[in-house]
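I opened the notebook to record what I looked up in one structure. The entries follow the order in which I checked things.

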Amino acid sequence: MVSLDPACGTLNDQFGRTATYLRLSVTDRCDLRCTYCMAENMTFLPRKDLLSLEELYRLATIFIGHGVRKIRLTGGEPLVRKNVTSLFKNLSRHLETGELDEVTLTTNGSLLATYAGELVDCGVRRVNVSLDTLDADRYRTITRWGKIERVFAGLEAAKQAGLKVKLNAVAQKGVFESELNDLIRFAHERAMDLTLIEEMPLGGAAACRSRSFLSLAELRGRLETEWTLEPLSETTGGPAKYVRLKETGGKLGFITPMSCDFCADCNRIRLSCTGDLYTCMGHEGGLALREPLRQSNGNEKVAQLIRQKVFDKPRGHAFQINDTGVSGIVRSMSTLGG
């Protein structure tokens with residue numbers, strides 16, 4: 001039975017959920033400007049406002065000590081952070097001791113060719129790569145200046161290094177719908193899973209979400225007329241629900257925060273690169289840990305703050321979408337991580 005005491009040694013909330021999965025943003029910076037994620041002319045945070053890699057690791061050890069079993073590094077783009085592999089190396093010690101089950105990352109793939117081998121040496125066994133199209137021109141439009149050839153090179157380097165790759169694609173009305181079958185074949189022919197993600201009202205992008213929002217419940221219905229979808233019970237510890245396509249043998253995941261509320265099973269918490277702890281992407285009210293961390297020699301005060309914040313986690317998010325627009329939290333994805 002899950003304890004409902006915020007002083008308990010595990011990160012339990014008032015509704016009986018236990019947080020075992022930490023998404024750790026290491027930077028607000030990115031080498032791309034994806035239209036659904038960032039404004040084109042971003043103003044990034046002063047470096048003094050960001051936690052050092054040592055501070056990020058110190059906080060990570062507190063979470064590990066409270067039962068977190070999986071840590072995913074995010075950004076911005078995590079691989080643009082100078083010396084970021086030192087954080088992976090430190091976290092790898094906890095893989096060796098069995099305190100962590102997995103350390104992984106979400107990346108846009110542009111720097112993966114450079115870092116794939118080193119990531120494997122640090123205990124990383126799989127990565128998520130964001131890729132919404134296979135068309136070079138459309139990729140450049142979505143990312144504003146990205147080069148898809150660098151992503152393809154990164155995917156090949158990951159394969160050669162022995163990394164398992166899952167592609168993530170943000171579903172949008174329009175061209176994406178006509179390209180989806182090609183994206184499925186591309187992923188499955190290379191033994192990569194593909195996960196589709198509904199747009200959420202997050203980020204500094206100016207696009208009207210109500211025009212581009214594509215319900216994955218609706219899209220799945222269309223896919224069922226073209227493919228044989230076999231439901232799977234397995235999970236990777238995140239919110240995705242998976243099916244296997246009989247025709248390809250590959251897996252297809254659906255992350256549906258808008259059309260299907262998955263909050264009842266949420267085991268995730270997020271720490272921004274500035275040290276703000278968020279228990280839900282759909283609510284305001286991050287807990288600022290940077291100053292308590294810097295003002296404390298020990299970890300217990302920070303640990304108490306974390307336990308109470310997780311205990312107070314809301315039952316569910318506040319995202320809504322309808323014909324007139326989208327409501328929810330318009331928070332910059334660059335500091336929080338996807």
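I noted the terms before the first entry: helices (H or I, at least four residues) and strands (E, at least two) are DSSP runs, numbered from the N terminus. The expected span of a helix is 1.5 Å times one less than its number of residues. I am working with a predicted model, in which local features need pLDDT of at least 70 and side-chain atom pairs count only at pLDDT 80 or more, while totals for chains, interfaces and linings use all residues. Residues are numbered from 1 along each chain as its sequence is written, and side-chain values use heavy atoms, with hydrogens and water left out.

**Entry 1: helix 6**

I started with helix 6, which runs over residues 175-189 and has 15 residues. From its first C-alpha to its last I read 22 Å, close to the 21 Å expected at 1.5 Å a residue. I then looked for a bend, taken at a residue as the angle between axes fitted to the seven residues ending there and the seven starting there. Helix 6 has a kink of about 35 degrees, centred on Asn181.

Next I looked up burial, where buried means under 20% relative accessible area, exposed over 50%, and partly exposed in between (1.4 Å probe, protein chains only). The buried residues of helix 6 are Phe176, Glu179, Leu180, Asn181, Leu183, Ile184, Phe186, Ala187 and His188.

**Entry 2: the aromatic pair**

How many aromatic pairs does the structure hold? I found 1. Rings of Phe, Tyr and Trp (its six-membered ring) pair if their centres lie within 6.5 Å; planes under 30 degrees apart count as stacked, over 60 as edge-to-face and the rest as tilted. The partners are Phe152 and Phe186, with ring centres 5.7 Å apart and planes at 40 degrees, so I wrote the pair down as tilted. Phe152 belongs to helix 5 (residues 148-161) and Phe186 to helix 6, so the pair ties together parts that are 34 residues apart in sequence. Phe152 is partly exposed at 31% relative accessible area, whereas Phe186 is buried at 12%.

**Entry 3: positive phi and a cis bond**

Ala191 follows helix 6 and lies in the loop between helix 6 and strand 6 (193-198). The phi of Ala191 is positive, near 60 degrees, although the residue is not a glycine. Is Ala191 buried or exposed? With 59% relative accessibility, Ala191 counts as exposed.

Arg144 also has a positive phi, about 75 degrees, and is not a glycine. I located Arg144 in the loop between helix 4 (136-143) and helix 5. Arg144 counts as partly exposed, at 26% relative accessibility.

The peptide bond from Gly75 to Gly76 is cis, with omega near 10 degrees. Gly76 sits in the loop between strand 2 (70-74) and helix 2 (84-97).

Helix 1 has 13 residues, which should span 18 Å at 1.5 Å a residue; I read 18 Å between its end C-alpha atoms, which agrees. Among the buried residues of helix 1 are Leu53, Glu55, Leu56 and Tyr57. After helix 1 comes Gly67, with a positive phi near 100 degrees.

Leu50 lies in the loop between strand 1 (21-25) and helix 1 (53-65). Leu50 is buried, at 8% relative accessible area. I then listed contacts, meaning heavy atoms within 4.5 Å. Leaving aside neighbours within four places in sequence, Leu50 is in contact with residues including Val26, Glu55, Arg81, Cys273 and Arg294. Leu50 and Val26 are 24 residues apart in sequence, and their C-alpha atoms are 8.3 Å apart.

**Entry 4: cysteines and totals**

A disulfide is a pair of cysteine sulfur atoms within 2.5 Å, and the structure holds 0 of them. The cysteine sulfur closest to that of Cys30 is in Cys34, 6.4 Å away and too far for a bond. Cys30 is buried at 19% relative accessible area, and Cys34 is buried at 15%.

Last, I noted the totals: the chain has 11 helices and 14 strands, and buried residues make up 55% of its 338 residues.
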